[in-house]
Amino acid sequence: GEIPLTEVRHFNCIIKAALLMGDWASAEKLFHSMDDIGLSKSAHTYAAMIGIAVSSGHYEEALDLFAKLRNDKKVKISSSVYCSTIKACEKLQQADRGLKILSEMESEDVEVRVPVVAVLVVACCRDCGPSRAHLAQKAVELFERLLSMPISKSSELGCVMHACRWLNKQTMPWRHSIDGMILA
């Protein structure tokens, strides 16, 4: 027989399994069915769904889920959820939106970790241009902040290197001010 799914943790496990398989449609169906049976979504549920959305290219859906999560005052938003959401902003070339989310994160006293700042450096580099020069300066400021942060994992070092490569690719007027910081 079929085992009834009656607890949030059951849904979280199955949603995470869908994440591992890259199955957005199944995860979304499970997520919405929680409402049908009266289960409240946890921070882990939202984290899994936002992560799935970003990793499978459903960036707008990730931002919609984040907006719903933001309205759920019972759920505390984690640093990893903020990071995934900012990654969606980066992919959609909405650096300003990502910067607003960073500001919200700081005002909520959520720890800003290396991956969040690194993703924003990339977002600002991707999104800047002649009409958006403020993003070039913001990329430099964020990179300087990134260099002052403690790095405790090799994955965090990878984030810093990725941000560095993005800064190094740029050929903008502000380039001379960061040449001393760029790793070859």
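Modeller: A salt bridge here is a side-chain nitrogen of Lys or Arg within 4 Å of a carboxyl oxygen of Asp or Glu. This is a predicted model, in which local features need pLDDT of at least 70 and side-chain atom pairs count only at pLDDT 80 or more, while totals for chains, interfaces and linings use all residues. Residues are numbered from 1 along each chain as its sequence is written, and side-chain values use heavy atoms, with hydrogens and water left out.

Biologist: How far apart are the closest N and O atoms of Asp35 and Lys41?

Modeller: Side chains of opposite charge can pair when their charged atoms come close. Asp35 counts as partly exposed at 48% relative accessibility, whereas Lys41 is buried at 9% (buried is under 20% relative accessible area, exposed over 50%, partly exposed in between, with a 1.4 Å probe and protein chains only). The two residues form a salt bridge, and the distance between their closest N and O atoms is 2.5 Å.

Biologist: Which helices does the salt bridge of Arg70 and Glu104 tie together?

Modeller: The side chains of Arg70 and Glu104 meet at 2.7 Å, N to O. Arg70 is partly exposed at 32% relative accessibility, and Glu104 is buried at 18%. Helices are DSSP runs of H or I with at least four residues, strands are runs of E with at least two, and both are numbered from the N terminus. The pair ties together parts 34 residues apart in sequence, because Arg70 lies in residues 59–71 and Glu104 in residues 95–107, which are helices α4 and α6.

Biologist: Is α7 roughly parallel or roughly antiparallel to α8?

Modeller: The axes of α7 (residues 114–127) and α8 (residues 133–147) come within 8 Å and cross at roughly 155°. Axes are lines fitted to C-alpha atoms, for helices over the stretch in contact, and angles run from 0 to 180 degrees between N-to-C directions. Angles under 35 degrees count as roughly parallel, over 145 as roughly antiparallel, 65 to 115 as roughly perpendicular and the rest as oblique. Therefore α7 and α8 are roughly antiparallel.

Biologist: How many residues of the contact of α7 with α8 are charged?

Modeller: Contact means heavy atoms within 4.5 Å, and the residues that meet include Val117 and Leu120 in α7 and Leu142 and Phe143 in α8. Ala, Val, Leu, Ile, Met, Phe, Trp, Tyr, Cys and Pro count as nonpolar, Asp, Glu, Lys and Arg as charged, and the others, Gly among them, as polar. Twelve residues of this contact are nonpolar, none is polar, and the charged ones number three.

Biologist: Which residues does Glu156 contact, leaving aside neighbours within four places in sequence?

Modeller: Glu156 is placed in helix α9 (residues 154–169) and counts as buried at 9% relative accessibility. Its C-alpha is 8.8 Å from that of Ala118, 38 residues away in sequence. The contacts of Glu156 are Val114, Pro115, Pro150 and Ile151.

Biologist: What share of the 184 residues in the protein is buried?

Modeller: The secondary structure comes to nine helices and zero strands. Of contacts with a separation of 6 or more, 61% are between residues 24 or more positions apart. The buried share of the residues is 42%.
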